[in-house]
Amino acid sequence: MPAKQTQLEGEVYYPSQEVIQQAVLKDWDELAQFAERDLEGFWEREAEQLVWFKRWDKVLDASQAPFYKWFVGGKVNIAYNAVDRHLLTFRKNKLALIWEAEDGKSERTFSYYALNREVNRMANIIKSMGVGKGDRVTIYMGRIPEIVFAMLACAKIGAIHSVVFGGFSVDALQGRIADSESKLVITCDGAYQNGKLVELKRIVDEALKHCPTVENVIVVRRTGHEVPMESMRDHWYHDMCALPIANGKCPTEEMDAEDPLFILYTSGSTGKPKAILHTHGGYMVGTYATLKYVFDINDEDRFWCTADPGWITGHSYLVYGPLVNGATVFMFEGGPAYPYPNRWWQLIERFGITIFYTAPTAIRGLMRFGEAWPNKHDLSSLRLLGTVGEPINPEAWKWFYRVIGKERCPIMDTWWQTETGAFMITPTPVVPLKPGSGTRPFFGQVAEIVDEHGNPVPDGSEGYLVLTRPWPSMLRTIYKDPERYISQYWSKYPGKYMTGDSARRDKDGYFWIIGRVDDVIKVSGHRLGTAEIESALITHPAVAESAAIGLPHEIKGQAIHCFVQLKPGFAPSEELSEELRQHVARHLGPIARPEEVRFIDKLPKTRSGKIMRRVLKARAQGLPEGDLSTLEE
Ligand code: PRX
């Protein structure tokens, strides 16, 4: 370890000799310096580790920034790199995917060879429905192996997938299908959540009433309960699999490096969710390299990322990143504490998980049940831990470190976003850790903390977090809305990517994320927009106007609180408040159910009519309300 790293300020956890010896990357500084000197050279070296049908002519084209292009002229397919290429190596018979059902009654495993056949079958079925390169496919499923097949199958034939989290409901699904103009929806009859059935297919039926572009629906059977099937439009997956068309061989579409791989809707500061667009080449190289260095993946590992494929973490580090690295992925259908709070610990022991990547909210939730639950299990297979999605409080960090990692396993606190596609601020196993900090930017990246005008603030002060260098897995645009891409991310500080987060940097160059500065609420690490919640509320006949804010919550990080102005003729009551909470959950999804709905005579607004959420937030917490000069009379 270089001398400067031994003199860090604050509470520091240094890697053990054992961790350093095992790590693929022993000298962080050397690689960081190389990437700083030669950004393109660094990423080119990573890209060279993967299979390209044709090599790129140029690593980075910044001539039309911020519409950056990576590996220009290259021909590639991420699905080929995630699956097919491993069949030519010893990994052919290695386990690619291990899956366990929520109720523990079934377990399915797929070697790379088997995964390849499954993906090809699904790809052939999708193709038979007239879906091809560039067409959009919405995937709305529970956490079952077929969601992985569906994503990879789309990638293989060049279709653009749009995965919608199964915890979203009709309005959210419909808006996303309509905006993407999907031709095909892939879903399942239902999903299980804490033993309860979620009627995914019925939600799809409801959503499709207003989505004329959808020609076909593939339905995977998971729960076996009765669901209505519309003839001509709906097809059981198992019936399709029995057809000769569904054979296990399918050619891979040779894609341009810059061709779209997927869109993923995420909430922004205002308005409708935005479709973030990622590409085959850059996204592949970014997820591959970040996972390799940060989680130190090797062929002995069993990697478990608890995220759902419906979020970016699931895309990058449950599906693409680990498979491109040839790792063994573990996927669990259920949540952390069903039927008992030892469910996850039991799985780590049973499957010999070596790397465990989860969210602070889950850690805080499990911590509540006490140490006895994890202590029942042998967790000695673990060698690395990770967190993502929101800041982790030092108390939860230390519990994770001590009780789960037994003070042996470094915690990779990875800061990144749907837009960044891959880790941006993160340690690697050899980097000394400070609980609550994601440490420093990943190789090749430079992060700054700036004030309102874009000037760097002194170390230790809070400011806006910006990224100043392009990276391969960066979003390319907002689908169908390039102007919004510029205005949202690149116009406030020209030449710098605006993250939407506030943060500070300490004297050691370590970054400490504080939280979002826009109207995004992070509920249990899930990203929701105030506008989405408010649009759901307004569809209720009693609601004249509403405002949603996020307030601190012990387990969820933030919880949704709503303020509602009622229409004349409606009176505030406990029942109405409860009804409105249910209403949001029904329309948007259970994850968006407000913690509380309060009634208010008049929402605080600026003279130009903008709701001052900041004032509501301050009032709700009994804090000073700040500058009120723009508040209307
Ligand atoms: O506020 C940051 C927070 O999550 C936001 C991005 O949300 P999303 O696009 O849903 O992606 C989440 C998973 C990558 C960021 O702007 N965030 C993410 N990771 C961290 C975090 N905040 C603090 N620490 C993290 N490790």
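**Entry 1: helix α13**

I take a residue as buried when its relative accessible area is under 20%, and I keep in mind throughout that this is a predicted model. With that cut-off I looked up helix α13 and found it mostly covered, since eight of its eight residues count as buried. I noted them as P360, T361, A362, I363, R364, G365, L366 and M367. Which elements supply the cover? I listed α12 (343-351), β18, β19 (384-388), α15 and β29 (557-566) as included in what covers the buried residues of α13.

I then picked out T361, which has its place in helix α13. Its relative accessible area is 10%, so T361 is buried. Leaving aside residues up to four places away in sequence, I found that T361 touches E390, S524, G525, I555 and K556.

**Entry 2: α13 against α15**

Two packed helices are described by the angle between their axes and the distance between the axes. For helix α13 (residues 360-367) and helix α15 (residues 394-404), I read axes that come within 10 Å and cross at roughly 75 degrees. An angle of 65 to 115 degrees counts as roughly perpendicular, and α13 and α15 are therefore roughly perpendicular to each other. On the α13 side I noted I363, R364, L366 and M367 in the contact, and on the α15 side E395, A396, W399 and F400. Sorting the residues of this contact, I have six nonpolar, no polar and two charged.

**Entry 3: α3 against α10**

I looked next at helix α3 (residues 39-47) and helix α10 (residues 280-294), which pack at an angle of about 90 degrees with their axes 9 Å apart. That angle makes α3 roughly perpendicular to α10. From α3 I recorded F42, W43, E46 and A47, which meet V285, G286, Y288, A289, K292 and Y293 in α10. The contact of α3 with α10 divides into seven nonpolar residues, one polar and two charged.

**Entry 4: helix α17**

Is helix α17 largely enclosed or largely open? I found seven of the nine residues of α17 (residues 530-538) buried, so the helix is largely enclosed by the rest of the structure. The buried residues I wrote down for α17 are T530, A531, E532, I533, E534, A536 and L537.

**Entry 5: aromatic pairs**

I opened the pair of W52 and W56, whose ring centres are 4.8 Å apart and whose planes stand at 70 degrees, so the pair is edge-to-face. I noted that W52 and W56 are both buried.

The second pair I looked up is that of Y317 and Y357, also recorded as edge-to-face, with 6.2 Å centre to centre and 80 degrees between the planes. Since Y317 lies in helix α11 (residues 312-324) and Y357 in strand β18 (residues 355-358), the pair ties together parts that are 40 residues apart in sequence. Y317 counts as buried because its relative accessibility is 0%, and Y357 counts as buried at 1%.

I also noted one aromatic cluster, formed by W304, F330, F332, W344, W345, F351, F356, W399 and F400. W399 and F400 of α15 were already in my list for the contact with α13.

**Entry 6: an open sheet**

In what order do the strands of the open sheet run? I traced four strands in the order β21-β22-β24-β25, with antiparallel pairing. The edges are β21 (447-450) and β25 (511-516), each of which pairs on one side only. From one strand to the next, I read a twist that averages 45 degrees. Within this sheet I looked at strand β22 (residues 463-467) and strand β24 (residues 497-505), which pair in the antiparallel sense over four bridges. For L467 I found the bridge partner Y497 in β24.

**Entry 7: the β4-β5 hairpin**

Last, I looked up strand β4 (residues 95-100) and strand β5 (residues 107-111), which pair in the antiparallel sense over five bridges. I saw that E100 stands opposite E107 in β5. The hairpin of β4 and β5 has six residues between the strands, and there I noted that G104 takes a positive phi near 75 degrees.

Technical notes. Residues are numbered from 1 along each chain as its sequence is written. This is a predicted model: local features need pLDDT of at least 70, side-chain atom pairs count only at pLDDT 80 or more; totals for chains, interfaces and linings use all residues. Side-chain values use heavy atoms; hydrogens and water are left out. Two strands pair if DSSP finds at least two bridges between them. Helices (H or I, at least four residues) and strands (E, at least two) are DSSP runs, numbered from the N terminus. Axes are lines fitted to C-alpha atoms, for helices over the stretch in contact, and angles run from 0 to 180 degrees between N-to-C directions. Buried means under 20% relative accessible area, exposed over 50%, partly exposed in between (1.4 Å probe, protein chains only). Angles under 35 degrees count as roughly parallel, over 145 as roughly antiparallel, 65 to 115 as roughly perpendicular and the rest as oblique. Contact means heavy atoms within 4.5 Å. Ala, Val, Leu, Ile, Met, Phe, Trp, Tyr, Cys and Pro count as nonpolar, Asp, Glu, Lys and Arg as charged, and the others, Gly among them, as polar. Rings of Phe, Tyr and Trp (its six-membered ring) pair if their centres lie within 6.5 Å; planes under 30 degrees apart count as stacked, over 60 as edge-to-face and the rest as tilted.
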